[in-house]
Amino acid sequence: MDYVIGVDVGGTFTDVVLRGTSGAISVAKCLSTPHDPIAGILTGVTQALADRDPAQVRRVVHATTLATNAVLERKGVRVAYVTTRGFRAAIPLGRYARVEEDRYDLRFSPPPPPVAAEDCFEVVERVSARGEVLTPLDADSVRRVAAEIARRGIGSAAVCLLHSYANPAHERQVAAILRESVPNVVTSSEVWPEIREYERATTTIMSAYIGPLMASYLSQLRTRLAGLGIHAPIHVMESSGGVISAELAARRAVATIESGPAAGVLAAAGAGFADVISFDMGGTTAKACVVRGGRPEITHEFHVGGKGSFGGRRAGTGVPIKTPAIDLAEVGAGGGSVAWLDAAGALRVGPHSAGSSPGPACYGLGGSEPTVTDANLVLGYLSSASIPLSPALADKALDRLAGPLGVSREEAAYAVHEIVSASMASAVHVVTVQRGIDPRGFALVAFGGAGPMHAARVAERFGISTVVVPAYCGVASAAGLLAGDLSTDRVLSRLDAPDPEAVFTSLAEEAAADLGVSLSDPAVRLLRSVDVRFKGQSHDLTVDWSPSREVLASRFCDRYRQVYGIAQEGEIELVSYRIRLTTPADAHARSTAPTPAPPPAEPHPPGARRAYFPELGGYVETPVHTRDTMERTLHGPAIVEDTESTIVVPPAWTAALTESHAVHLTRGSESP
Amino acid sequence: MSDALTAEVLRNALVVAAEEASIVVVRSAYSTFIVEGSDASAAVLDARGRLIAHSMATTLMNSMALKVALPELIEDIPLETMRPGDVYVLNDAYRGGVHTNDLLVYRPVFVGGTPAYFTATMIHVSDLGGLSAGGMAPLATDIFLEGLQLPPVRLATADGIEPAMEAILRANSRTPDKVMGDVRALVAGTAVAAARLESLIGEYGVEGLAAGVDDYLDYTEARTRASLAELPEGRFEAAYPIDDDGINPEKSHHIRVAVTLDATGAVLDFAGTDPQVPAAVNASASQSLAAAVFAVRCFLDPTIPMNDGCLRAIDVRLPEGSLLNARSPYPCGGRYVPIYAAMEAVFQALSDAVPERAIAPSGILQPFSIAAVGAPYWIHLSYDFGGVGARQGLDGPDATGVHFGVGRNSVPQAEPVESRCPLIVESIETIPDSGGPGRFRGGLGSRTVYRFLADCHVTTRGDRLRLPPPGRDGGLPGRVGGFFKRHLDGTVERLASKVNNVRFAAGEAFIVETTGGAGLGPPSERDPAAVLADLEAGRVTPRGAAEDYGAETQSSIRSAGSKLIG
C-alpha cells in the first residue's frame, strides 16, 4: 500500500494526516516547535506512520508559515534593492494608508520599509512604458552597485527596474552581473512581471527576503525525513491552493506566504457542496473564504503584516504581494479574544488575544481577563470534556464585565458570544456581500477549534441554512493539502499585446518547465485569463480569455455589473495576461472515494448539561452527544462534542450525521 | 438581551454600510484623483442632518461637507416631496459644499413613507469646467471661474439619472464621459449603502435602529467630553500665515485662533482671522469646521468614533466673511490653503497646552495638474506631500501627508502614469537636508521630475513655499520647496506657488519640490547617533551634518548620497 502525507504547521499545533491508497486515514496532532519546526513535523509524522513502512510514502505535501512568520517577525535575510536611477526612494517612502485609529495620531510613524534606505541602490538605464530602451544599461554602474552590496556583506538582492514587464532585458543583464558577487538575486520580471512598480518591487523584495530561508528549510526537511526512511518528493502548497515542488518553492518563496490558510479552504471545498463559505476559527483569528463551483475565489494582490479592518486586510497597511492567493478575509476574533469595557463603558471583544499563555481564565494558567472561551464555558457550550477547564475561574472573569454593565453573568457572556459572532460575520460579509455575492444558498463549512461552536449563529446572520462540520475538522488544513493539484501561475502586463497567443504560449512554456510537465500531456490543464478595464480607468477585473474582443467585452461588463452593481459600457483595454497550469498531483489525491467512517457505534443515551439559549429564556437542560454515538438526526438545542470539536446546535436547527462522518446542521423544521 | 450590550454590533454595521458605498465608488469611478488615490467618501446621516457614520477612507473635510450640506438640501427640497429612488446632488460651496468639482450626492432611505436616513457619497469628479481642466483654478477671482455650480437638485429618480441633469453636466465638462462615469459611481454607492441600511431597519426595527443611533451619538459625545477633560484648562492662542493669495505674491494673510479648554468642552474661536479675498484662498465653512475638529481630535483618544456626538463637544466659531467662512462670490477652490493654516494654528495652540505631545509645523500637500493643451484631453491631477514637523520625542515622517490622515498611498506610481500620459517621470526622491534641524528633525520634502513628450499645461496650487514652517522650541524651519520649470538648456526657473496653465514644451521638465517639516528643540541637543544614522540613510549630507548640527564629519562616514547611485 502507498501513502501520502499532509503536514500543516500552525502557530500552536502541527497536524499530520496520512492517507493510504485504500482511503484509510491516520491523524496526528502535536505541539508545534517554533524554534525548530521540523522537530514537530518529525514527531507528528512518526505518530501518523505508526508501524507503516516509511518507504511506501509516495509524497509529502507541506503547508508552512515559515514565509509569513519571516515577514511578520522581520526575520528574513538582509536584502539589497536595485532599481532604475531616480527611484531608490520609492521603497523607503512607501505607499501606505492609515486605518481609522491612526488617522488622528500625530505621533504616527510609517511602518519601517522592507529594505532600509541605505540598502537601496540605483543603476543607470531607462525603458519606456512600451518597452523601448530610452537609456542603455550602463554596466559599470551595475558593477559599482555590486561591489557596494558585497562590501556591505549583503547576500540577497532584489532587482526591479521600471517597465521591466514590458522589456526584461536590462533586469536580466543586471542580475547576471550581480550574480558574480551576490549569492541570491531575484528579478521582478521573473517573479511577477506586472505593471505598478511599487507592488512589483515589494513582491520581488519579499521573494529575495525569504527565498534563502525557504531553500535551507526545505533542504533540511528533506534530509531529516530521509532520516525516518521517507524519500518521497516534498511538495509545498502555494497561496493560491496549488502545490509546487520544494525546488520551485525555494525559488518562488513569495508564492507560499498564505500556504496554511489555503489548505484549509481546499478542505472546505472538498466538503461535498459546490458553493461553500469556508469558516475557520482558531484561537486568535477567524478566516472566511468563498468557494464557488468548487473553486476558491482568487485575489491577485494581498498584504502581509497589515492591519485588518472589518474583515479585510486593508491595502496600504502591510507589504503588498502581487501573486495569486486564495481570497480570504480575516478578523481578530477567536477563542482567546479578550472581552473588555472601553473608556465609555461599552463592551468590546478583541482584537487582543490571551493566546496560549496565559490563555483564557478557565485554563487556570494565570489569566484573569474574560475571553470568548470563558464566555462559552459560562454559557454551557463548552465543557471540561477534553481539556480540564475551570468553570469557577470563567465565572469570576465574566463577573468583571457583568458588574460594571449591571447585567447578569450569563447575559454578559452571551453578549460576548454575540459580539464575536458578529465580528466573524464581518469576515464573511467581506468575502460575500462586499463582493456582490449573496451568501444565502451557500453552505458554511466550519472548522478550527472554535468554528463549530459559533457557525450556526454566524450562518443565521446571513440567512444561511446549512452548516457543515467535516470529519477531522480539527486537522482540516492538513487533510486539505492532499486535495491540491500541482499548479503554478504566471502573469505578464502588456497593454493590448499585439499577439496574445504568443504571450500565453511563452507563459505556459515557462510554467510547464517549472512544474516539469509537458504541455502535450492530456492531464495538463491550462487556464488562460486576462485583466480588462475600461479605457481611462485604473482598476481592472480578471475574466476568462477569449480571442474575440466582443466576447471579452461582454464577459468584462458582466463581471463589472456583478462586482460593482453598475451596468456600464465603454471601450475596453487589456492590461495583463494570466495563465494557470494544473496537473493532478497523483492518483490517490484524485480518488473520490469517500473518507470511510469509523465503525458505527450503537446510539448512546446522551449526557446533558445546562446551556444558555436566549430564545428559550435562558439556561435549559441540553442533551450532549458525541459524533460516534449521536442519533442520525438531532433537534436543537443540542451539543455534539468530541475530541475534534464542540458543535453547538441552537434551537430551530437540526443536526444530522452523514456517511462520511461529517455533521450537517440545517435550519428550519425539515427532517432529512 | 439589553440593546446596550450589542451596541458595538450595530455601530460596526453602520460603518460597514458607508464602507461598502465607498468601495463601490472607488472601484467604478473615472476621476484620476480617485482611481489612483482611493479618495472616495461615503457617509450615513439621518433626516435631522446628523452624521451617524462615515467610511474609513472618508476625510473629515468630506464628512463635514456632507453633514453641513444636508440641512440645506432638505430646506430646498422638503422631505415630503422626496420619492423612493430619488437621488440629489449639490456642490454649492456656500451651503456646505467644498468647491465645484466635489459633488455631494444623497439618497433618502424611507421609513413608513418618509425619509428617515440619507446615504451620501462624494468625490472630486474628473472635470466640471472652470479655468483649468480637472478643477484647479488657482487664479480664480470669483467662484464663477471655478466651474459649474449646483444648488440642491434632483440628480436621479428610480428610473435613472435625470436626462436634463446629464445634459447639463456633460455640456459643462471637458471630459463628459468620465464625469458621467463618476456620477453613476456616486449614485451606485448611495444605493449600496441604502440597501444595507434598509436591512438594518429590518433587523433592528424602526425604533430599535433609531434608539441605537441615539445611543451611538451619546456614547461618542461622552467619550469626547471625557477625553477633552483630560487636557489642561485654559485659553491658548496661535496664528499661522498663508504665503500669498496667488494674485498679489507679496502679501501674506493670517489665520488666528483662540482655543479655550474647560471641563465642559472646547471652544475654537477664529475671531481675528483675516477677511476673505477675491482669490482662491478662502474656505467654505464646512471645510474650516473639518480643520478645527480634526486638529482637536489629534489631541484626544484616537479610538473615539467620528459622528455628530463628537461635534457636540467642540464649539467652532468661524467669523462670517473671513478666509474661513467665505460668502458668494469669493472663490473657495483653494480651501486647503486657509484650512491647513487653521489646522496648524490649532496644533500650535494645543502644543502649548500639551507640550509633551507638541508638533512643529509641517510642509503640506502641493497639488498640481498636467493637462493636454487641447482636445483630446488627458490630465494628470496629483499632489506631492511635504515633510511632517518633528514631534516631541520623534522625528517627522518624510514626504507624508500629516493632515486629515492622508498618506503616501495617494501618490501615483510612475508606470501607470507613463502608460497613460505622454511624459516620463525622471525621478522621485527625498531631498537631503530639507527636514528642519532640531533635537527632533522635521521630515524630508520630496522632489519629483516630469519630463514632457508633448506640449502641455501645468497648473499649481502651493503654499508654505515662501514662508517656511517655523521651528518650535529652538528647532529650525524646514527647507521650502517649490514648483520649477527646467528649460531645454537645463536652466531651472522657479514658478510662483500658484500658477494657472503655464505652457511647457515637449522636452521641458516640471519639477515639484515639497517643503520639509520644521524641527523641534535645539539642533545642538540632537543625539549624535541620530545624526550618524541620518547620514548613513542619506537624510542629511555631510555638509548638512556639519552646518546644522556641528557634527564632525569623520573620514569614516562616507556620504550615502554619492555612494548609492552606481
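Predicted model: local features only at pLDDT ≥ 70, side-chain atom pairs only at ≥ 80, totals over all residues.
Start with chain A. Its division gives five entries: domain 1 (3–70 + 213–258), domain 2 (76–209), domain 3 (259–473), domain 4 (486–584) and domain 5 (607–667). Take domain 2 and domain 4 of chain A. Their C-alpha centres lie 27 Å apart. The two domains of chain A touch: six residues of domain 2 are in contact with six residues of domain 4. On the domain 2 side of this contact in chain A, five residues are nonpolar, none is polar and one is charged.

Now move to chain B and its sheet. Seven strands form an open sheet in chain B. Read across, their order is 2-1-5-4-3-6-7, and the pairing is antiparallel. Strand 2 (51–54) and strand 7 (160–161) of chain B are the edge strands. Each has a single partner strand, so one side of each is left without a neighbour in the sheet.

Look next at strand 4 (residues 102–111) and strand 5 (residues 114–124) of chain B. They run antiparallel and are joined by 10 bridges.

Helix 5 (residues 176–204) and helix 6 (residues 206–229) of chain B pack at an angle of about 105°, and their axes are 6 Å apart. Angles of 65 to 115 degrees count as roughly perpendicular, and helix 5 and helix 6 of chain B are therefore roughly perpendicular to each other. Which residues of the two helices meet? From helix 5 of chain B come Leu200(B), Ile201(B) and Tyr204(B); from helix 6 of chain B come Val206(B), Gly208(B), Leu209(B) and Gly212(B). By class, this contact between helix 5 and helix 6 of chain B holds five nonpolar residues, two polar and no charged.

Finish at Pro437(B). This residue sits in the loop between strand 14 (423–430) and strand 15 (446–452) of chain B. Is Pro437(B) buried or exposed? A residue counts as buried if 20 or more other C-beta atoms lie within 10 Å of its own. Pro437(B) has 30 within 10 Å, so it is buried. Leaving aside residues up to four places away in sequence, Pro437(B) touches Leu476(B), Gly519(B), Pro523(B), Asp548(B) and Tyr549(B). Gly386(B) is 51 residues from Pro437(B) along the chain, and their C-alpha atoms are separated by 15 Å.

Definitions and conventions. Residues numbered from 1 in each chain as written. Chains lettered and ligands numbered in written order. Pairing = 2+ DSSP bridges. Helix = DSSP H or I, 4+ residues; strand = E, 2+ residues; numbered from the N terminus. Axes fitted to C-alpha atoms, helices over the stretch in contact; angles between N-to-C directions. Parallel < 35°, antiparallel > 145°, perpendicular 65-115°, else oblique. Contact = placed C-beta atoms within 7 Å. Nonpolar A, V, L, I, M, F, W, Y, C, P; charged D, E, K, R; others polar. Domains from an automatic or database assignment. Buried ≥ 20, exposed ≤ 12 C-beta atoms within 10 Å, placed from the backbone.
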